[in-house]
Amino acid sequence: MKAKDIVFSLTARILEELSSSETSLSYSSLVLIAGLLLTAVSSFSNSLLALAAVVVFSGVLAFASRKEKSWLIVTVISALFSFIVSFPVYVSPQLNFKGSVDAATFIARATASASVFTAFYSYMGWRGLLNGLRGLKALGDMGEHVAFTLRFIPLFAFKADKMLVAREARVFTVNREPTWRISLSIVGDILAASFIKAYWARLAFTARNFGELRVKRGSYRADLGEITIVVLAAILIVACLV
């Protein structure tokens with residue numbers, strides 16, 4: 001299997017698994033706010049201990065959602081990419097203790113923020129994300145647009161492979177192997193197609209519900225579990241800010 005096929009299939013599979021949810025949350029907006037705040041403060045925290053605690057908390061949350069495999073893949077890829085970016089620092093002849101700590105902090109920030117966002121999304125699922133965004137009245141229709149667009153991205157990941165083949169067929173070169181330049185050129189097309197599809201899907205849902213978009217609810221999780229997650233997230237937020 002070619003590298004581009006692995007990337008698109010892996011992206012579609014991970015997003016599809018993270019979006020699935022068999023239950024609904026009672027306090028989806030509160031959980032969403034806690035997840036976004038923890039993601040934000042993790043991106044700027046200077047405490048390696050707090051960032052390590054964020055990753056551990058994210059792993060527990062992902063295991064509780066039974067989506068630990070997708071969470072682990074995202075976390076490892078984030079750590080790998082951030083390490084590659086900071087690798088020149090470690091091989092620099094002017095490397096000192098402060099520089100190594102700064103590079104390690106950068107890796108920890110990138111890993112923790114990606115890890116905790118993935119964990120919260122795995123816990124909430126697409127349905128919980130949609131309800132949470134709808135609960136934030138300040139966003140208006142933009143919240144539903146974001147949720148629907150995110151839901152349709154994995155559905156277009158496989159279509160991206162066909163778009164790649166079509167574009168590669170127009171490139172008259174001796175080497176017919178796909179290039180990452182061509183792969184990156186269709187990212188905008190995928191996002192645009194996902195947004196357009198999400199827009200019409202949202203209109204269809206609204207029309208069938210007489211002007212109000214309703215999301216079918218499943219069985220509720222215990223409110224105590226959601227409150228515990230929010231409290232732990234608040235503690236970690238304070239720890240990252242200290």
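Among the elements of the protein chain, mean pLDDT (the predictor's confidence in each residue, from 0 to 100) is lowest in strand 2, residues 219–220, at 45, and highest in helix 3, residues 48–64, at 94. Helices (H or I, at least four residues) and strands (E, at least two) are DSSP runs, numbered from the N terminus. The model is a predicted one, so local features need pLDDT of at least 70 and side-chain atom pairs count only at pLDDT 80 or more, while totals for chains, interfaces and linings use all residues. Residues are numbered from 1 along each chain as its sequence is written, and side-chain values use heavy atoms, with hydrogens and water left out.

Over the protein chain, the mean pLDDT is 78, with 65% of the residues at 70 or more. Residues 213–221 stay under 50 in pLDDT, and the model gives them 32 contacts (heavy atoms within 4.5 Å) beyond four places in sequence.

The secondary structure amounts to 9 helices and 2 strands, arranged from the N terminus as α-β-α-α-α-α-α-α-α-β-α. Of the contacts between residues at least 6 apart in sequence, 81% join residues at least 24 apart. Buried residues (under 20% relative accessible area, with exposed over 50% and partly exposed in between; 1.4 Å probe, protein chains only) account for 40% of the 242 residues. The accessible surface, from the Shrake-Rupley method with a 1.4 Å probe and, for residues, only the protein chains shown as cover, is about 13900 Å². Carbon and sulfur atoms hold 71% of that surface.

Ring pairs join F87 with F83 and Y90 in a cluster. Rings of Phe, Tyr and Trp (its six-membered ring) pair if their centres lie within 6.5 Å; planes under 30 degrees apart count as stacked, over 60 as edge-to-face and the rest as tilted. The count by this rule is 3 aromatic pairs. A nonpolar surface patch of about 880 Å² is formed by I77, L80, F81, F83, I84, F87, V89, Y90, V91 and L95. Such patches are made of residues with over 30% relative accessible area and no salt bridge, where like charges are joined within 9 Å and nonpolar side chains (Val, Leu, Ile, Met, Phe, Trp, Tyr) within 5 Å.

A103 belongs to helix 5 and is buried, with a relative accessible area of 6%. A103 and F87 are 16 residues apart in sequence, and their C-alpha atoms are 8.3 Å apart in space. Leaving aside residues up to four places away in sequence, A103 touches S86, V89 and Y90.

Helix 5, residues 97–135, also holds K98 and D102, 4 residues apart, or about one turn of the helix. Their side chains meet in a salt bridge at 3.1 Å, N to O. A salt bridge is a side-chain nitrogen of Lys or Arg within 4 Å of a carboxyl oxygen of Asp or Glu, and the count comes to 1. K98 is exposed at 58%, whereas D102 is partly exposed at 42%.

Two further residues round out the picture. T39, in helix 2 (residues 28–42), counts as buried because its relative accessibility is 14%. T39 touches S113, V116 and F117, with residues up to four places away in sequence not counted. R66 sits in the loop between helix 3 and helix 4 and is exposed, with a relative accessible area of 65%. The phi of R66 is near 60°, a positive value in a residue other than glycine.
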